[in-house]
Amino acid sequence: MSHSTLIMGPERRRRWSAEAKRAVLEAAFAPGAIVVEVAREYEISTSLIYKWRQEAIGMSAAPAFAPALLVEEGRRPQVCAEQGSIVVELAGGTRVSISAEAPASLVTATLRALR
């Protein structure tokens, strides 16, 4: 004779705090980490990890202010050829320098690629 179990009541969903989500994301995207293994460890799907990452990126992509240098018309600021006017330093210590003479399209493409 077969046996069936019917569970009645409210749906049992886990609720994740912002701190718990952040911990999962840090573990999943740490250098050398494998997202699938982290998902198995926390017993969640990989798609949920990627969804959380998209939400985190979306929240941190808010407009921000950057300092600007105002120069009198006709004068150009002195820029050292070895030092770019924009220096982006990544978490792993990698640095990307973009010269002040670089075309806007190149600067835009570079910054989008680093995102």
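**Before you start**

The model is a predicted one, in which local features need a pLDDT of at least 70 and side-chain atom pairs count only at pLDDT 80 or more, while totals for chains, interfaces and linings use all residues. Residues are numbered from 1 along each chain as its sequence is written, and side-chain values use heavy atoms, with hydrogens and water left out.

**The whole chain**

Begin with a cartoon view, where the secondary structure comes to four helices and two strands, and where the elements run α-α-α-β-β-α from the N terminus on. Helices (H or I, at least four residues) and strands (E, at least two) are DSSP runs, numbered from the N terminus. If you then switch to a surface, the protein exposes about 10300 Å², of which carbon and sulfur atoms supply 54%; such areas come from the Shrake-Rupley method with a 1.4 Å probe, and for residues only the protein chains shown count as cover. Of the 115 residues, 10% count as buried, where buried means under 20% relative accessible area, exposed over 50%, and partly exposed in between (1.4 Å probe, protein chains only).

**Helix 1 and helix 2**

Next, select residues 18-28, which form helix 1, together with residues 35-42, which form helix 2; their axes come within 9 Å and cross at roughly 145 degrees. The contact is made by A23, V24, A27 and A28 of helix 1 and by V35, V38 and Y42 of helix 2. Contact here means heavy atoms within 4.5 Å, and the axes are lines fitted to C-alpha atoms, for helices over the stretch in contact, with angles running from 0 to 180 degrees between N-to-C directions.

**Two residues of helix 2**

Move on to E43, which is placed in the loop between helix 2 and helix 3 (46-60). Most residues other than glycine have a negative phi, yet E43, which is not a glycine, has a positive phi of about 55 degrees. E43 is exposed, with a relative accessible area of 61%.

**Helix 4**

Finally, select L114, whose place is in helix 4 (residues 104-114), and which is partly exposed, with a relative accessible area of 31%.
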